[in-house]
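Please open the model in your viewer and keep the selection panel at hand. The tour takes one chain as a whole and then stops at a few elements in the other chains.

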Amino acid sequence: MKKILALVLACVLALSMVACADTSNNGGNAAQTGDAQGNNDGAFTGYIKIGGIGPTTGGAASYGTAVMNAIKLAVDEINAAGGVNGMGFAFEWQDDEHNAEKAVNAYNTLMDNDMQVLIGTVTSAPCIAVVAEAKEDNIFMLTPSGSAVDSIAAPNAFRVCFSDPNQGVGAANYIKENNIGTKIAVIYNVSDPYSNGIYEKFKAQAATIGLEIVAAEAFTNDSATDFSVQIQKVKDSGADLLFLPIYYEAAALILTQADQANLDVAMFGCDGLDGVIGQLGDKAALAEGVMLLTPFAAIGATDEKDIAFTNAYKAAYKDEIPNQFAADAYDAVYIVKAAIEKAGVTDASISCSDLCDKIIEALDGLTFEGVTGTMTWDIETGEPNKTADAMVIKDGAYVAMSK
Amino acid sequence: MSSFFSYLIAGISLGGIYALIALGYTMVYGIAKMLNFAHGDVIMIGGYVAFTAISTMQQPVWIAVPCAIIACILLGVVIEKVAYKPLRSATPLAVLITAIGVSYLLQNVALLIFGSQARNFTSVVPDDFSVSLGSINISGETVVTILASVAIMVALTLFVNHTKSGKAMQAVSEDRGAAQLMGINVNRTISLTFAIGSALAGVASVLLCSTYPQISPYTGAMPGIKAFTAAVFGGIGSIPGAMIGGVVLGVIENLSKAYISSELSDAIVFAVLIIVLLVKPTGLLGKKINEKV
Amino acid sequence: MKKFTLSKPAKDRYITYGMLAVIALVVQLYITYGDASRSFKGLLVPTCVYILAAIALNLVVGISGELSLGQAGFMCIGAYVGSTFSVMTEELIASSALRFPLALLLGGMVAAVFGFLIGIPVLRLRGDYLAIVTLAFGEIIKSVFNNIYLSTDKNGLFFSIGVESKANHEFDAATQVDYIKGAMGISGTPRDSTFLICMVVIFIAMFVMLNFIDSKQGRAVMASRDNRIAAEAMGVNVTRAKMTAFVMSAFFAGVAGVLYSHNLNTLQASTFNYNLSIQILVFVVLGGMTKMRSVMIATIILYVLPEALRGFNLSNYRMLIYAIALIAMMLINNSAAIKRVREFLRAKFARNKNVGGEV
C-alpha cells in the first residue's frame, strides 16, 4: 500500500515515454537522425538507415562520442553532396554505456526502427554480444573500433581498425626490425580487453623473436590515476624502451608522472595513443619523441584527406581534434557508401539481409582509400588489410619515422 | 631501498588525496548519519569549476580555488536542502539511494555541459613547491596535499571540540532527539555539516585534479569509493581516523602494486580492509558504541 | 460466506504466485502470437535476471535488515561458473534441457559456497561496516575474475591468474582452446536463457524465499531486524537464521548470474562492478524493502524506464531523466507532506468502505 503512489507515478511516466516514443518514431525519423539539413532533401529516392551503437555515457563515453560525431559528420557530408545512387543516408545512434547487455538492447531498438546497416559497436566486448544478434539477422555490420578477434566472429561482420593480435605482433616486429629498443618495459591496462589483448600477443611474439621484456606493470580502470609505482619499477628495471599499448588519457598521465619522476626512456605505443598531444594540452612538450604505430594522425597530417577530415571535424565539434575512433568511424560511413555504389543498389527499401549480401559482394576486391589509409578486406575473416605508419612526435606534431 | 621510499612517498601522496576526501565523508556521516555517495561527484563539479576558471576564463589561481570551494559549498547546501532534508525522518537507506540518484544526476549534468572528453587540468601548485630528498623527488602537489589534509584535520578537530556549533554537532551526532530538546537547531546543524563537508570537497577537488591533471565527468567516482573505504578503514565518524585511514590505504595500495602484484592490487587493498574490519570491527580509530536498550 | 479462510500471509503469498503466473502467461502469449517488438522481447530475460537478483537481495536487505553491496559479486561467480560449465560441456551434453539446469544449479551452488565463506566474518559486523565488507568482496571478485585465464590443449587444462603465466606457457597451437580470456572474459556461451525458464526459476525462488520468511527462522530474522536487543533478550538466536538468509540470497544471485550469462554471447567480469550492486539495491529500496512482490514491480519499472527512453529522441538526456526520476521517486515516497496526503486519502478511503459495508 505504502509505495503504490510512487509506483503508479513511475508507471505513468514510463508509459507516457513509450507512447511519446512511438509517435516520434512514426512522425520524425528525420528529426531523430539529423539528416535533413541537406538542402537537397526530397531529391533523394529514399534513405538507407544507418544505425550506430557505442558508449556516450559512462567511463568510455569519450570513445563512443567521437564515433557518433564522426558518423554524423560523414552522413551529413554525403547527403549534402547528393547521397549514394540517388539515395540519402539516415542515421540513428543508441547508447550502450560500454555494457554488452545494453548494447543488445540498443541493437534491438535500432532493428525495431528499421536499421539497414550497423556501424558499431565501438568497444570490443559489447561488440561480441551484438555480433551474435547481427549474425542471425544477416545485417551488414562494420565496427570502426572493436578490435578483439571475436568482435567480428560472423560472416557479415567487418572492421575498419586493426585487431589486437595484429597490433601486438606488429609492434614487437617493428621494434625488433628497426632496433628501437632491446630491453622493453610495458605498462598496460589489465582490465581493458584492448590493452590486455595487445600485451598478450606482444609478449608471445617478443619471446619468439628474442626481445627481452624486463618489466611488465599493470593498472586497472579503477586505478588509472596514480602510476608512480609502475614508473618507478620501469626506472629500476633499466629498460631502454617503454611500450604503452593503452589509450591516450592514461598515457597523458603516465607521461606527466614519468616527467616528475625523471624517467628517461623512449616510448612506443599503438593506435590508442593517438590523441595524446591534445590530451596533454599545454604540456604537449612531454610527448616529444614518443613513437606510435598508427594509420591516422590528426596533428601534422600531410595527406589531403586527413587534413580535410580534421578541419571538418574541428569545425563541426567546437575545435575538438578527432582521434583514432573518429577517423575509423568516418571511414566506416564512406566504406558503406563505396560498397553500395559499387553494388549498384538504388532502392532504399531493400531489406537489411539483401543489402548485406550485396555489400559483402561489393567489398570483395574493393580498394578503399580513407583517412586511415588504403585498405582491402579479407571477405572470409572480415579483417582489413592496411598498413600502420610508424610516427614520431616532433615539435608537437606527428612525423613519419625514417626507417 | 631508495625505491622503497619512493613507493612509500607515492603512497602517502595518493593517501593524502584519499584522506582529504575521506574527511568530508566522515564529517557528514558522523553527524548526519548518512553515507553521502554524491561526495565524489561534488568533487568532480568543483574540479570543473576550477578548470573553467583557470583554462577557459584565464583567471589566476587565487581566484579559481575560492571559486571552486564556494561552488562546492553552494552545491552541497542546495543538494542537502532539496534532496536530503525532506528525508530527515526516512530510513538511512532511502537517503543513501537518493544520494546515489544525486550522484548520477551530477555526472550526467557534467557530461552534457562539458562533454565526455577528459580535459587537461592545469595544476594550481607552482613547480617550485617540490622538495628533493636525495634521489627522491616529492612533487609540490604532494606537499600541499599532505599539509592541507593535516591542517584541515587539526582545524576540524578544534572546531568540533571547542566551538558552540561544533559542540552542537557532537550533540546531534550523539542523540538527535535529545539535542533537539536541549534547544539545538538540528536542521541547521546538519546543514552546516554539509556546508563544511562540501567545502572540504572543494579543496579536495582542486588538489585531486592538480595531482592527476585530468578531469572528466567520472573523475570523482572512483576516488569517492576509495575514500569512503578509507573513512570506514579509519573508523567512520572519526576525524583523525579518516586521515589515518586515507594515508594507510594509499600506502597499502602502492606497496601492493610494487611488491605483490600490479594486476591484483585492487583486490589486495580490499582484502586488507576486510581483515582489518574483522580484527577491529569499527575501524582503526572507531569508537565502540555501547547500545542502549 | 467463504468455506475456508486463508491466513493473511498465506493469502498474500498466493496473490504473488498468481501474479507471477499471469505475467508469465500473458507475456508468453503476447510474444508467441502477438506483434511484440524486438526490444520488448530482448528486455524480457534481463528484466527477469534483475528481478531474481533483487528479490534475493531483499532477503538480506529487507528481511534481515543488513545492507549488502556485494550482490554483483555473487552474480559474477554464478555467471562465470555457469558459463564455463556450459561452454566446456557443450559438446559433451548436447541437450540444453539437461545442460542448462545443471549450469544453473552449479552456478548457484558455487555462489552459495562463497556466500557462506564471506558470511562467517561478515555477519559478525553491523550496519555500514557490513556494507563496506560486502562492497570490498564484490570488488575483489571482479578484480580476480578479470585476471583469470583458462585454456585447454592436448596436454590438458591450463589455469592461471594473471596474463604473465599464460603468455609464458607453451601451448599446442593446434588443439588450444581458450575458455576464459582474462579481461575479454568468456565468449560463445550457448544462449539458453528464455523467458519461460526465467519465470520458472523466479517462481521457484519466490516459493523458497516466501516459505523461509514465514518459517521460524524467518520470523527470528525479522524480529532481530526490528529490535536486535529485544530479540536477543527473548532468547532468539539469529546467527544461523541470518546465515541461511545470506547463503540463500547468494545462491539465487548466482542463479541470476547464470541466467544473465546465458542470454548474451559474451561475459566480462567488469560488468559486475559496484554500480551493478548499487543498481540492484536501488530496485530493492524503491520496492519498499519488505514485500517481495513490490520489489519485483519496482525492478520492472526501474529497469524498463531507461530502456523505454531509448525510443524517444533524447539520447544524451536519457540517463539524466533517469537520475531525476530516481530522486523524485525517493522524495515522493518518503516526504512528510506526501505521507500526510496518503494518510488522508487512506482514511477517506477506509471510511467510504465502511459506509459501503453498512449499506
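Begin by selecting chain C, whose secondary structure comes to 14 helices and 5 strands, where helices (H or I, at least four residues) and strands (E, at least two) are DSSP runs numbered from the N terminus. The radius of gyration of chain C is 23 Å, close to the 21 Å that the globule rule gives for 359 residues, so the chain is as compact as a globular protein of that length; the radius is taken over C-alpha atoms, and the rule is 2.2 Å times the number of residues to the power 0.38. This is a predicted model, in which local features need pLDDT of at least 70, side-chain atom pairs count only at pLDDT 80 or more, and totals for chains, interfaces and linings use all residues. Residues are numbered from 1 along each chain as its sequence is written, while chains are lettered from A and ligands numbered from 1 in the order in which they are written.

With chain C still selected, note that its C-alpha trace spans about 85 × 55 × 50 Å along the principal axes. Buried residues make up 52% of the 359 residues in chain C; a residue is buried if 20 or more other C-beta atoms, placed from the backbone, lie within 10 Å of its own, exposed if 12 or fewer, and partly exposed in between.

Next, select residues 221-234 of chain B, which form helix 9. At 1.5 Å a residue, its 14 residues should span 20 Å, and the end C-alpha atoms are 20 Å apart, which agrees; the expected span is 1.5 Å times one less than the number of residues. Among the buried residues are B:Phe228 and B:Phe233. To see what covers them, show elements including helix 1 (2-32) and helix 10 (239-259) of chain B, together with helix 5 (127-145) of chain C.

Finally, move to chain A and select strand 11 (residues 368-370) and strand 12 (residues 373-377), which run antiparallel and are joined by 3 bridges; two strands pair if DSSP finds at least two bridges between them. A hairpin joins strand 11 to strand 12 of chain A through 2 residues, and A:Glu369 stands opposite A:Thr374 in strand 12. Strand 12 of chain A is also joined, by 2 bridges and antiparallel, to strand 13 (residues 384-385), where A:Pro384 stands opposite A:Trp377. The hairpin of strands 12 and 13 of chain A has 6 residues between the strands, and there A:Gly382 takes a positive phi near 85°.

Note on methods:
Contact = placed C-beta atoms within 7 Å.
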